[in-house]
Amino acid sequence: MTAQLSPEEIKIAMEDAFASHEKRNLLGFEVKTERRGDDCKIVSMTLANREPLDRNKKYVISFNSFDTRSGGHHFMKLRAFLERPEANCILHPVQTRDALIGYFQRHKIVSRIAAVNPPAVAA
């Protein structure tokens, strides 16, 4: 699924994901965080090329269908954002799960690859 979210909505959804201790990444963005105990707050978020986000713009974000329905009740804020009409959610015919299954069926043997540019996240 893809949806249009504001920078503030993205920030809130990611902080909700961090609080759940579920591992999620936000590709295409550079996110810096600050931890206080179990609490994790985003202190800055830019595009991957370090351009600032436009507060008046909506960004199209791609999600897997499990997370869009709350990821087992871990991402309730994200679910609430996506249920609003202004998110302009589009369910695409290619499902992550099906694409992954197809990959393993085609390749049979899968080996680890090194990350090219891992996201810079300050702890």
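Is Tyr103 buried, partly exposed or exposed, and at what relative accessibility? Tyr103 counts as partly exposed, at 35% relative accessibility. Here buried means under 20% relative accessible area, exposed over 50%, and partly exposed in between (1.4 Å probe, protein chains only).

The model is predicted; local features need pLDDT of at least 70, side-chain atom pairs count only at pLDDT 80 or more, and totals for chains, interfaces and linings use all residues. Residues are numbered from 1 along each chain as its sequence is written, and side-chain values use heavy atoms, with hydrogens and water left out. The predictor's confidence in each residue is given by pLDDT, from 0 to 100. The protein chain has a mean pLDDT of 81, and 85% of its residues reach 70 or more. Among its elements, strand 1 (residues 2–5) has the highest mean pLDDT, 90. Helix 2 (residues 65–68) has the lowest, 71. Helices (H or I, at least four residues) and strands (E, at least two) are DSSP runs, numbered from the N terminus.

Strand 2 and strand 3 (residues 39–47) run antiparallel and are joined by eight bridges. Strands pair if DSSP finds at least two bridges between them. The hairpin of strand 2 and strand 3 has two residues between the strands. In this hairpin, Gly37 takes a positive phi near 65°. Phe29 stands opposite Leu47 in strand 3.

Aromatic pairs were then examined. Rings of Phe, Tyr and Trp (its six-membered ring) pair if their centres lie within 6.5 Å; planes under 30 degrees apart count as stacked, over 60 as edge-to-face and the rest as tilted. Phe29 is buried, at a relative accessible area of 10%. Tyr59 is also buried, at 9%.

Tyr103 and Phe104 form an edge-to-face pair, with 5.8 Å from centre to centre and 80° between the planes. Phe104 lies in helix 4 (residues 96–107). Its relative accessible area is 41%, so Phe104 counts as partly exposed.
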